[in-house]
Amino acid sequence: MVHLPALPKRYHSASVWALYGLGLLPAGYGFYLGATGQLPGNPVKEFEHLLGLWALRFLVATLAITPIRDIFGINWLRYRRALGLLAFYYVLMHFLAYMLLDQVLNVAAILTDIGRRPFITIGMAALVMLIPLALTSNNWSIRRLGTRWNTLHRLAYVIAAAGALHFSMSVKVVGPEQMLYLGLVAVLLAWRPVRKPYLRRKRQAANAPVRRQPIEKAAG
Ligand code: HEM
């Protein structure tokens, strides 16, 4: 167990809004650098890459919330929705950058790319799967869908795997950065089946009666 100082409840909502603000900063800064000619090399590609990488980081962060709580006892559940939605916004911006800046809205070229280049097909599939998750990331949908909400939101694992695969397939040689994301997603996926037995054992250990040391009888 890791004991972090608890954030007073009155700051919870503000901290979530702060996360949205901070989370959107890389996109805003990247856009500013691009618009003022300060992005090196091919600015469109650089901007597209920046958005894609942040999308992947937010996907990984979203999936890390549950294991962090299970293993370290740190409850950041209140940030999970914001992280998931930030991932969606970044994927959407990454797609828009590709569609508007890279392909300059050449619909035929975009459709050919989606159909013919497997890494783009996988990326597109991930974006399509993210849409129902983003649309149902609200309290009303959670109430309405009940247990079906959990089933639907398990798609987040498939999306993260697709995102990491898409990243690895977008390069000629898979390097340490692609390996890192593939590894992180693999560990997060592997956590799912071991989670229940791990929590059961943890609960059993916590409930086990504490063995008392025999109290020495006072002599005499
Ligand atoms: C979950 C969804 C997605 C994630 C996480 C994601 C992430 C990424 C990442 C990390 C890169 C590599 C950036 C780099 O080289 O540093 C990338 C490249 C790329 N992505 Fe995505 N992406 C997603 C969906 C999409 C979609 C929907 C499209 C378009 C239909 C797309 C088009 C591209 C293209 C064209 C590149 C390569 C750019 C280039 O180097 O020429 N991606 N993506």
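Me: Is Val104 buried or exposed?
Reply: Exposed, because its relative accessible area is 63%, and exposed starts over 50%. Keep in mind that this is a predicted model.

Me: Where does Val104 lie?
Reply: Val104 sits in the loop between H3 and helix H4 (107-116).

Me: What about phi of Val104?
Reply: Phi of Val104 is near 35°. That is a positive value in a residue other than glycine.

Me: And phi of Leu105?
Reply: Leu105 has a positive phi too, near 60°, and is not a glycine either. Leu105 is found in the loop between H3 and H4.

Me: Switching to the ligand. Which residues coordinate the iron atom?
Reply: His94 and His166, each through NE2, at 2.0 Å.

Me: Which parts of the chain does that pair tie together?
Reply: His94 lies in helix H3 (residues 80-102) and His166 in helix H8 (residues 155-169), so the pair links parts 72 residues apart in sequence.

Me: Are those two histidines buried or exposed?
Reply: His94 and His166 are both buried.

Me: Why is the arrangement around the iron octahedral?
Reply: Because the six donor atoms around the iron atom of the ligand subtend angles of 87 to 179°. For six octahedral donors, the ideal angles are 90 or 180 degrees.

Me: Which residues come nearest to the ligand?
Reply: Of the 21 residues around the ligand, the nearest are Lys45, His49, His94, Gly123 and His166.

Me: Which elements give two or more residues to the shell?
Reply: Helix H2 (43-72), H3, helix H5 (118-135) and H8. H2 gives the largest share, seven residues.

Me: And which pocket does the ligand take?
Reply: The space taken by the ligand is the second largest pocket.

Me: Last topic. Where is Gly84 found?
Reply: Gly84 is in helix H3. Gly84 is partly exposed, with a relative accessible area of 22%.

Me: How far apart are the C-alpha atoms of Gly84 and Val16?
Reply: They are separated by 12 Å, and the two residues are 68 residues apart along the chain.

Technical notes:
Residues are numbered from 1 along each chain as its sequence is written. This is a predicted model: local features need pLDDT of at least 70, side-chain atom pairs count only at pLDDT 80 or more; totals for chains, interfaces and linings use all residues. Side-chain values use heavy atoms; hydrogens and water are left out. Donors are N, O and S atoms within 2.8 Å of the metal (3.2 Å for Na, K and Ca); water is not among the atoms, so sites may look incomplete. Four donors count as tetrahedral if all angles lie between 85 and 135 degrees; four count as square planar and six as octahedral if opposite donors are over 155 degrees apart and all others between 65 and 115; anything else is irregular. Helices (H or I, at least four residues) and strands (E, at least two) are DSSP runs, numbered from the N terminus. Buried means under 20% relative accessible area, exposed over 50%, partly exposed in between (1.4 Å probe, protein chains only). A residue is near a molecule or strand if one of its heavy atoms lies within 4 Å of it. On a 1 Å grid over the protein atoms alone, a cavity is a set of points where a 1.4 Å probe fits but cannot get out, and a pocket is an open set with protein on both sides within 12 Å along at least five of seven lines; lining residues have an atom within 4 Å of a point. A molecule sits in a cavity or pocket if more than half of its atoms lie within 2 Å of its grid points.
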